[in-house]
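Colleague: I am new to this model. Please take me through the terms you use for it.

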Amino acid sequence: MVLRRDREGREDSAALAAVMTHVRRNGCPAPAVRPSGSRADLVMERLDGPTLLHASARAPWTPARRALLARLLRELHALPDRVSADARVLRPDLHPANVILTPES
C-alpha cells in the first residue's frame, strides 16, 4: 500500500476513493483504495511497473499500446452512473502518464 497525499488540499480523498471503488467494482482496472481518515490522504494499492508514457519513451508506440489506452477510455465511458453525482467517474487526466503497466496489463 502507498499513501497518496494531496499537498494542496484540493481533493476530497473519500470522494476519490468512492469513484475509484466504483470503477474497480465495475470491472475497470484501478488500484484498490481506502480512505486514510484525513481529507487529503488516500491509501492505495501499490502498482509496480512503468507508466505507459515511460514505456513508450523506451520503445515506439505500438498498436497494442494504442489499443490499451483506447480500451481504457471505452471502459470508463461505458461505466454505469454512480448514485451520487458529486464526483465524476471519468477524470480529465487519463493519459499515458497515469496508466501503469503491470504484469497483468
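Colleague: Which residues is Val99 in contact with, leaving aside its neighbours within four places in sequence?

Modeller: Val99 is in contact with Pro50, Thr51, Leu52, Leu68, Leu69, Leu72 and Leu94. Contact means heavy atoms within 4.5 Å. This is a predicted model: local features need pLDDT of at least 70, side-chain atom pairs count only at pLDDT 80 or more, and totals for chains, interfaces and linings use all residues. Residues are numbered from 1 along each chain as its sequence is written, and side-chain values use heavy atoms, leaving out hydrogens and water.

Colleague: Why is Val99 called buried?

Modeller: Buried means under 20% relative accessible area, exposed over 50%, partly exposed in between (1.4 Å probe, protein chains only). Val99 has 5%, so Val99 is buried.

Colleague: How far apart are the C-alpha atoms of Val99 and Thr51?

Modeller: They are separated by 5.4 Å, though the residues are 48 apart along the chain.

Colleague: What makes β1 and β3 a pair?

Modeller: Two strands pair if DSSP finds at least two bridges between them. Strands (E, at least two residues) and helices (H or I, at least four) are DSSP runs, numbered from the N terminus. β1 and β3 (residues 41–44) have 4 bridges, in the antiparallel sense, so they pair. Arg4 stands opposite Leu42 in β3.

Colleague: In what order do the 3 strands of the open sheet stand?

Modeller: The order is β1-β3-β2, with antiparallel pairing. β1 (2–5) and β2 (33–35) each have a single partner strand, so they stand at the edges.
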